[in-house]
Structures are given as C-alpha cells and as structure tokens.
Amino acid sequence: MERLLAIWIEELSVEASDGSTLRTIISLIDALQIICPFTEVIRLGLFVLPIRGPSRFYGGDEGVLNAVAQCVREVSGFTPSLGVGEGLFCAEVAAKQQLVLALGASEIFRSSLPLEYLERKDLATTCHRLGIHTIGAFAGLEAARVGERFNKHALLLHAVARGQLTELPGQRDVKLGQRLREERGEGPALDEQTGFFGQRGASDQRAEAAAHRVRRRLGVDAVLSASLQGGRSPEDRATLMPWGSPETRSTPDAPWPGVIGAPSPATTFSEPVGVQLRNCDDESVAVLSRGLLNADPSSLVFSSAARRQIVWFAGPWPVLERWWQTGRKRAHLQVLLEGGEALLLSAEKNRWWLVGIYD
Amino acid sequence: MFAFSEKRPEIPSDVRAKLQPVTLARNKLIALSSPWSDMVPRGGLRRGTTVVVNARPGTGGLSLALSLLSGPSANGHWSGVIGVDDPGVVAAHELGLDLRRVLFIPRPRGAWVETAGDLMDGVDLLLVRPPSKASHGAARKIMDRVRERGTVLIALCDANATWPLPADVSFDITQSQWKASSKLEARHLTLRVSGRGEVQRSGEHVVLLPNSHGQAEAS
C-alpha cells in the first residue's frame, strides 16, 4: 500500500453558499501540486498526496509536513490537520488525529481502531453485541460469515478492514473532479468527433448506428476505435479502446528520442507472444547489460516448438526508459525469417517476446 | 404497361435536358490513393464491388488491404475492419488511414458474416479477414449484400484459403522481398492484379509497401 499524506481542512468540508469553497480548493490544489504533482482532492476538505517522493526531496517526512502546512496557511488561511498513513482509509484517520504513522505501522493502527471508523452503525452495533470491538477483530472474521449476516457493502468494509481495499466505499467524491473542471471553465470533455462547423454528418450517424448494432450482437467491447499516444515502440503508441469511450487528450507527435520509426508492423499484438531466440549452437541469446547480444541469433523457437531460421537481424535497440528502476530494461530486435517474414521482437525480463509482424 | 401505352405523355424537351440519373456515376466511385488508383479504372472502386487480396501470411496482405482503405479514409469515408486480431494501429496511421473513422472488430467470435451485415449500412468500405476458408454460401451472402448496399468489400484471404467466388478485382501477392540496411527499410511487393473488366492494366506490378515512411509507393 502506498504511503499517503492526507490533508484535512475542516473549514472546507462543508460547501459555502457563495461558491468560495470550490475556488479555494482550486487555488489550494494548484499550490500543492507544486510540492507534489500527484496531489489530488478526494472530497471537500480532504487532499491526498503520495509522500515517498517529496519526503526524499525535503529530507524526511517532517520537511514535507512543514512545507504543506505552510503552503495551506498561505493560500487559504486555514490550519490543516495532517497525517500520514498507508492507504487512503488510514491516511484520513491519521490526519484527523494528526498522526504520522511510520512505514509498516498502519496495519497495527488500523487493527486497533474501534469499529465506528468504518462508518456503518448497524455493523458496529451488531459486532459490539458479539464482542467484536475493533477493526482488527472484525477483519479476523471469515468473509463468508460476514456475507451471511450483512450485505455486499459490509463485505467491502470487511475488505478495507483486512487491508485488501485501501479506501472506504463513498470516501471519494467521484463528481468533485468534474465540478472543479467546470469551475475552472474547462467544460466537459468532448467525447465525440464533430465535423465541419461542429455538426456531425449523416455518414457519422450511420456509422454510429452500425457500431451500436454490432455491439448489441457481440458485446460492448467488441467494437474498438484506435488512437495514437506518445511512446517509443509500436505496442506503446497504439491504443485500442472500446468504441464510444471518452477520447484521451494526447500529443502523439511530441518527440520521443529513440522511437522505433517507420515502417511499423501491421500486426501488433495486444498481448505479446513468448518466443525463444537461439544461436547456431542452440543456446539462448540474451541482451547483455551494455545493450549488445551475447551471440548472433540463428533460429526462433515458438512455444509450439515450431522452429524458424533467421536470415537477418537488426538491433538490439535498447529502450532507455525509467533507468532508475533497474527492473525495467527493454530492447527491440528486428528479424527476417527464411520464408521472408519480418518480425519485431522485444526482450524484457530476460525473455523474448514477439511484438509484431510486418504483415 | 404504362411504358408501352400509346397515351404516355411526352416529356417536354427542356425538362428532359435537365433530367439526371438519381445517382451520378462519380458518386458511385470511391477513389483510391496512389499507387492503387493507377491499377483500377477511373482511379477508384465502384460501390458494390468486391476486392480480394490473396497473400501468404506475413507477406504483406494486411498492409495491402489497409493501404487500400487509406485513400477513402482520408477523404472522409468510414471503414470497418473485421477479423484482424491485432491490428497495427501505428502502421495503419503511417499508411494514411484516418483512425477516427475506422471501426475495428478484431474478434467477431464466429459471427463474421452477421457482423459484416450489421456494419454494411454504416460504413463505405469493409475489410474482412475470414477466420478460415469462407464457405460458398457465406461469400455469396456477403457479396449480394454488398452489391445491394453499395459498400466496397475487401476480403483478405490466405493464399491457401482463397475467396470461393470470383471477385471484381483481385490482388495476388506473388513475391515479397525486404530491403534492409541497419534496419528494415522497405519491402518490394510483386503483385498480380486481375478482375472482371474492372482492371485497367492487369498484370504484374511492383510496389514498395511499406516504404521507409511506412506508406505505399509505386516502384
């Protein structure tokens, strides 16, 4: 679970009639995003940011807490109550009690909380009568027993108590983001393509009706529409989304150094196929730490034990992404098989994957 | 009966001069982009025609079929792609397709004929890759439907499982040769174009598909 810093501001939790609450939240979120760009508003009065990165930057949790408290005081004039915990549920409780839980302490903290913190009265009353007073004791019950006695909602609470879910149902205000965007004047995101002068032509409407017909026959996710996003390899750049889902704003033509340029494979697998690459002595070929192959590949073995000879290869081209996470190292290789087919392979986690076919 | 009647009223000559057929021939034509426009009459495909692309897997059949869609797609026609499991979106973009007007149905789950029928009213071009050899009945059904609706059907078939009925235009890829330097640069496709009176210059053509920009180019 991610360690979160929760910022609870009592004064902002009830919306004022003059609309000043939303305006204050907007100015506050803009200021807090300078400290941590991943700051988000959970609901009125509650902000959350992952503390790991800022903590390293400010030299410890104390530094982040000071910076955030000062920022809130300067922007809004209120004094926030701050708390750190793992998962949204723990973080909020910690903030209201002004506690900073050390790494790993959230589990014990959550177990020791009284059941009332799950914010369901009938559950708390019944459990108290059964001698179950803390969240930890509630978590010790079997899920099936909880399901027998209570409804589905209680099962979600049970998952929160066990730490399988990190936030209470209803803890997050899902409509707040949209309201803030409207307050900023950004308006709802257009999820349809408009034609010249903004109208949609007859052909667009016919296509839409046809897509609906296919969806009725095969299911909602049968019809896909494609778009491009930024990335270095064809499998990263392609997005196939169920037709009708809101368009993501992206900048596909932004520069990506090291992009695998045209031509791109006409078949790009949504789920890469595992393959093995062998040299002439039938030993596995691997990418060394400096981005070179340890041997020239001479044959390609599929999981079905089918084997094809490689007549030419190019690469490997290491993808330098997230170099701070040593686990993620990728390299791409183009191979030409004996029959004339060209394939794009990728090496990740010491395995080879068939990414695309130049069909 | 009326047509042969003696009492049939004469159409005035000035009205007759203004009369036009309901659909003009040029409205019935979907223009293709270069180099395909040089291989078919009047540079395009008549609505209601069936085009078959025959190729062994991995030799460029999918690129060719997608490339046929590129010109009409850029001109604002909608197209549907049925049965292509994992379409290369980047390649389609490089070939010149306007992705906003393409509907992909990668896995029609055995109902590809019905799905094609569903889509036919909504799109102008339909690219279909049958999961196995198409049956005679299915092919007949789709081609009749296409002719009735005025859609252009592009059937992408394996060379071992060809389309069971004669098509209006057929592209057969006979040879595919990659040109490579430090990476794959371009592919020379040799293709034979044939058809029923629809083909301008039937015979062998060599095209670059894709070239180093991922597009189709006459060689």
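Which helix of chain A gives the largest share of the lining of the second largest cavity? Helix H4 (residues 87-97) does, with 4 residues. This is a predicted model, where local features need pLDDT of at least 70, side-chain atom pairs count only at pLDDT 80 or more, and totals for chains, interfaces and linings use all residues. Residues are numbered from 1 along each chain as its sequence is written, chains are lettered from A in the order written, and side-chain values use heavy atoms, without hydrogens and water.

A cavity is a set of points on a 1 Å grid over the protein atoms alone where a 1.4 Å probe fits but cannot get out; lining residues have an atom within 4 Å of a point. Volume is the space filled by probe spheres set on the points, which are joined across faces, edges and corners. Helices are DSSP runs (H or I, at least four residues), numbered from the N terminus.

The second largest cavity has a volume of about 30 Å³. Its lining includes A:Met1, A:Phe89 and A:Arg110.

The largest cavity has a volume of about 60 Å³. Its lining holds 13 residues; A:Ser264, A:Ala266, B:Ser63, B:Ala91 and B:Pro210 lie nearest its centre. Helix H3 (residues 89-95) of chain B supplies the largest share, 3 residues.

Now the helix pair. The axes (lines fitted to C-alpha atoms over the stretch in contact, angles from 0 to 180 degrees between N-to-C directions) of H11 (residues 202-218) of chain A and H4 (residues 112-120) of chain B come within 7 Å and cross at roughly 155°. H11(A) and H4(B) are therefore roughly antiparallel (over 145 degrees).

Notes:
1 Å grid on protein atoms, 1.4 Å probe; cavity = no way out; pocket = protein on both sides within 12 Å on 5 of 7 lines; lining within 4 Å. Helix = DSSP H or I, 4+ residues; strand = E, 2+ residues; numbered from the N terminus. Parallel < 35°, antiparallel > 145°, perpendicular 65-115°, else oblique.
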